[in-house]
Amino acid sequence: MCKLFINADPELWISRTHSLRIDGMVTSIRMENTFWTVLAELAERDGMNVPQLVTRLYHESIDAGHDLGNFTSFLRVCAMRYLALQLSGDVPRDNRVPIASLDAEKILKQEPKQPMANVDAGNATH
C-alpha cells in the first residue's frame, strides 16, 4: 500500500514559498508543490492566477466571518476539498467548467456532514 506514496515524485512534497500582496501587504505562503499545483488548476478554471485566487479566497473568507489564523492550512484544505469534490462528481473534472458557474448552495446542501476524524497518534501502528 505505501509504495503508492513512498515512490511518488519527491517534488510533490518539497515546499515552496510564494510572496504575494493582499490589500497592499506583502505576505509569504509556504506549502508543498502539490498544493500549489492544485491551486493553480483551481485558479485557471475561473480565469485567475494563483495570487488572484488566494486574494479572493482571503477576502471571501473574511467576509464570511472566518478566523484565518492559519491561512496556509485553509489553502491546503481548499485544495483537498476541490479534489474531493471532483471525486464525488460535484465539481466536473472538465477544467473548462468554471467553479463560479456551479451552484455552490446546491452542492453544500447535498454534502453529508462529516464528523471530525478521531485520530489517536499514540495508537498508530507502523
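Two strands pair if DSSP finds at least two bridges between them. Strands (E, at least two residues) and helices (H or I, at least four) are DSSP runs, numbered from the N terminus. This is a predicted model, in which local features need pLDDT of at least 70, side-chain atom pairs count only at pLDDT 80 or more, and totals for chains, interfaces and linings use all residues. Residues are numbered from 1 along each chain as its sequence is written, and side-chain values use heavy atoms, with hydrogens and water left out.

**View 1. The hairpin of β1 and β2.** β1 and β2 pair in the antiparallel sense, over 8 bridges. Within this pairing, T17 stands opposite R30 in β2. The two strands form a hairpin with 2 residues between them. In the turn, D23 has a positive phi of about 55°.

View 2. D23 sits in the loop between β1 (15-22) and β2 (25-32). D23 is exposed, at 57% relative accessible area (exposed is over 50%, buried under 20%, partly exposed in between; 1.4 Å probe, protein chains only). Leaving aside residues up to four places away in sequence, D23 touches Y58 and H59 (contact means heavy atoms within 4.5 Å). The side chains of D23 and H59 are joined by a polar contact of 2.7 Å. A polar contact is a pair of N or O atoms within 3.5 Å; within protein, one must be able to donate a hydrogen and the other to accept it, and residues adjacent in sequence count only if both atoms are side-chain atoms. D23 and H59 are 36 residues apart along the chain, with their C-alpha atoms separated by 9.3 Å.

**View 3. Salt bridges.** Side chains of opposite charge can pair when their charged atoms come close. A salt bridge is a side-chain nitrogen of Lys or Arg within 4 Å of a carboxyl oxygen of Asp or Glu. By this rule the count is 3. R76 bridges to E32, with the closest N and O atoms 3.1 Å apart. This pair links distant parts of the chain: R76 lies in helix α4 (residues 71-88) and E32 in strand β2, 44 residues apart. R76 is partly exposed, at 23% relative accessibility.

**View 4. A pair within helix α3.** R56 and E60 form a salt bridge at 2.9 Å, N to O. Both lie in helix α3 (residues 50-63), 4 residues apart, about one turn of the helix. R56 is partly exposed at 41%, and E60 is partly exposed at 45%.
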